[in-house]
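Hi,

Here is the structure I promised to pass on.

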Amino acid sequence: MIFFSDFSSSEFISIIQLATSWVFLFILSYKYGRPGIYTYIVTAVILSNIQVLKLGMFFWSSEPVALGTVIFASTFLATDILTEFHSEKAAKKSVNLGFLGFAFFSLLMLLHVWSPPVSKETLTSLQLIDGHDAMAQLFTPMISLYVASLVSYLISERLDITLYVRLKSLTNGKALWLRSILAASISALVDTTIFSVLAWKVFSVQSVSWSVLLYTYILGSFWPRILISITGVPILYALKHFNKKRRT
């Protein structure tokens with residue numbers, strides 16, 4: 001496809017972001033265990049909620065698509081790793097940490113933006129550039145997106161953990177790939193549906209049509225997340241292999 005030869009395309013950059021996410025998730029999981037995964041989840045939740053403020057064009061959609069899907073989708077694999085190799089309790093704890101980390105970050109950046117900027121005359125005389133306007137645009141939250149994001153995050157992540165545990169029980173601990181993909185896919189559909197309905201219908205001043213909501217915002221971001229969950233399966237098996245070697 002064309003986008004594989006275009007190093008500046010949204011598709012190519014998303015692939016690089018995904019590969020980078022898997023590398024760091026594996027390193028943090030293998031080297032530091034639960035604390036490492038907690039760190040990854042909190043960081044990924046904050047990053048994805050900043051990245052979602054930028055739009056990108058993808059070959060499968062005629063409408064711009066909000067970025068941040070790659071990083072956020074990787075958190076489902078992170079909670080699966082916690083559930084599989086640590087405990088369900090640890091996975092649920094990571095969701096709470098992600099929520100609190102994002103809330104803490106958002107509140108402090110909002111307070112930071114409210115701090116009065118230096119006058120332009122002072123900046124000019126000192127030959128300095130102030131980042132106030134850029135920060136104000138980036139970190140003054142749109143309440144509708146903020147609430148929609150937090151609600152969909154809490155519901156979908158906890159659903160992913162519950163589904164993963166149930167599927168592990170049903171498969172007697174086998175078919176690791178199956179429970180990871182199924183749990184992540186179902187949770188991703190719930191996440192993107194809740195977020196899209198809240199952000200573009202319930203809280204939006206000018207809501208989009210139901211067809212645009214379904215095909216562009218829900219399905220348009222759902223099927224890439226299935227692919228993301230599939231590419232994360234080797235990480236689970238690699239960690240399983242190395243954990244076995246550690247115990248022997």
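Helix α2 (residues 69–85) packs on helix α6 (residues 143–170) at an angle of about 40°, and their axes are 10 Å apart. Axes here are lines fitted to C-alpha atoms, for helices over the stretch in contact, with angles running from 0 to 180 degrees between N-to-C directions. Helices are DSSP runs (H or I, at least four residues), numbered from the N terminus.

A caveat: this is a predicted model, where local features need pLDDT of at least 70 and side-chain atom pairs count only at pLDDT 80 or more, while totals for chains, interfaces and linings use all residues. Residues are numbered from 1 along each chain as its sequence is written, and side-chain values use heavy atoms, with hydrogens and water left out.

Back to the pair: on the α2 side, Phe-72, Thr-75, Phe-76, Thr-79, Asp-80, Thr-83 and Glu-84 meet residues of α6, including Tyr-153, Ile-161 and Lys-168. Contact means heavy atoms within 4.5 Å.

Then there's Ala-91, which sits in helix α3 (residues 88–114). At 0% relative accessibility, Ala-91 counts as buried (under 20% relative accessible area, with a 1.4 Å probe and protein chains only). Leaving out neighbours within four places in sequence, Ala-91 touches Thr-79, Leu-82, Thr-83 and Ile-161. Thr-79 and Thr-83 of α2 and Ile-161 of α6 also belong to the α2–α6 contact.

A polar atom of the Ser-106 side chain lies 2.8 Å from the backbone oxygen of Phe-102.

Cheers

Note on methods:
Helix = DSSP H or I, 4+ residues; strand = E, 2+ residues; numbered from the N terminus. Buried < 20%, exposed > 50% of the residue type's maximum accessible area, 1.4 Å probe, protein only. Polar contact = N/O pair within 3.5 Å; in protein donor to acceptor, adjacent residues only side chain to side chain.
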